[in-house]
Amino acid sequence: MKKLIVSTAALALTASFAMAADTVRLGTEGAYAPWNFVNDAGEIDGFERELGDELCKRAELTCEWVKNEWDTIIPNLVSGNYDAIIAGMSITAERDEVIDFTQPYTPPDPSAYAAMSADVDPAAGVVAAQATTIQAAFVAEQGWTLVEFATPEETVAAVKNGEADAVLADKSFLDTMVGADGLVMLERMEAIGGGVGMGIRESDGDLRAKFDAAIQSMKDDGTLNTMIAKWEVSSQW
Amino acid sequence: MFSYCTDPSTLEGFSWLSCYLTTGKHMAFYQSFGIVLVLLAITAPVALMFGFAGATAARSRIWPISLLGKSYTAIVRGVPDIAFFMFFVIALDQGFEYLRHKVKCSDWSEPVRQGNDFVVCAQAKLPLSTSPQWVHETYGFALAVLTFAIVFGAFAANVLFGAMKAVPRAQLETAEAYGMSSRQTFWRIMVPQMWVYALPGLSNLWMILIKATPLLFLLGVEDIVYWARELGATKTARFSDYPHGNWNAYYFGGLLVFYLMLTSISERVYKRLSLRLSHGQATAAGEAQRKAAT
């Protein structure tokens, strides 16, 4: 009986080798609505869920979704725990040194500030941003006082409880947060970032080409713009 | 879950709460309590085994084995837990994959390290990228158990090493006088008697292990702290049928109660165990029991 179980398991293993090449694991954060978040059913949902599923369909890949902390999302990609990052990650020169990016699937959009009153001056106060984001790098570069947090939720909470005077983040994310508890959007915006793309290992040129082609085909037939409009994540192409 | 949950925005009070607390996300939260308990139940005996092996090795008369035991306890105890959990697990995982890669894909010509990337052939991936998600989760969990066991095993080794030394020399001498071999003396005299000396140290370790379980999320296992943070985060009506503000205080309050209950139960078990182990021992507690009985 034991032998039977072992040989069945071995058979199942060899069977899965055959299709090993076509399964792609997609890593995301799951805490950044409307880009990616965990819905009431406990599943990953949002713009990037819908986009990723469509891209995989067009590239004829089987995709699996994996959740990973934002902090360690790049180290876990290069060590091979998943094959692509699709987590609202802006294309920057620093990140491009470590990983490769597909072509952007949303255009470069300015980042916005949210604060408890409209007359806050970010340069004079404390600004909250999520750690290792383009926004955190921007605030540090300006020489302003920066407080960093591991999750987007905590950056907003810091403004609400007075720890920070303003939070700098993608405008689409702040759109979902302003209006509650007296949080308002500032008029000032910052033009940073070079569009959002998927992160792929530098050694994985084939996969990058496949996703590049799939993104291009979605840009060409306008389905990408429809999806962007549906989730209100950015401006359109 | 319930039939009236189709449109939560019309519900109020208890019925709203009953729907809210039975969403798929909450079910995952409840399951994660089980994960933490299973982790504790598996890790504790495995760590004790590591500790026992470490302590016996450190006591060995053969020099390389004793050096191995002593350096294991010294090095692992000296490295901060969080550094160990961040670095060691990735190294362990890559080590396994590298070995499998060498065995399964010996004809692979490209290097494994390509710049920042760690690349092994698809068949060497652990688990295979085609495996269902639960295999990945179980693998992550097993890595977590192993890491916890190695870390806490080192502390346990030190405790047991001390406990073995605390067994009165007279007991061992008597055994030798009866003609027992050193192996017999070890298993029949020393090991049964050492537990009472080891127990206070081990119970401390158990408490620390309970408190260390939130480190699970560093290892990619979605534990109670992850789900509490996720569920407590602000939910807007656009993305959830159950919009609410920041409820972290309630969820983390719940975790506080859970952990306090766990430690208080442990405390009670420890008292009973210590009473039982003192029975008939040549210690003050054993002597007190003997006097009370007569």
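In chain A, take the contacts between residues at least 6 apart in sequence: 70% of them join residues at least 24 apart. Two residues are in contact here if their C-beta atoms, placed from the backbone, lie within 7 Å.

A word on the source. This is a predicted model, where local features need pLDDT of at least 70, side-chain atom pairs count only at pLDDT 80 or more, and totals for chains, interfaces and linings use all residues. Residues are numbered from 1 along each chain as its sequence is written, with chains lettered from A and ligands numbered from 1 in the order in which they are written.

Chain A has 237 residues, and 42% of them are buried, meaning that 20 or more other C-beta atoms lie within 10 Å of the residue's own. Its C-alpha atoms fill a box of roughly 70 × 45 × 35 Å along the principal axes.

Now the cores. A nonpolar core is a set of buried Ala, Val, Leu, Ile, Met, Phe, Trp, Tyr and Cys residues joined through C-beta atoms within 7 Å. The largest one has 58 residues, and A:A84, A:A114, A:A129, A:V159, A:A166 and A:V167 touch the most other members. Domain 1 (23-107 + 195-231) and domain 2 (111-190) of chain A both contribute residues, so this core lies between them; the bounds come from an automatic or database domain assignment. Beyond its neighbours within four places in sequence, A:V167 has contacts that include A:Y113, A:A128 and A:T155. A second, separate core has 37 residues, among them B:L143 and B:F152.

Last, where the chains meet: chain B gives 33 residues to the contact and chain A gives 29.

Key:
Buried ≥ 20, exposed ≤ 12 C-beta atoms within 10 Å, placed from the backbone.
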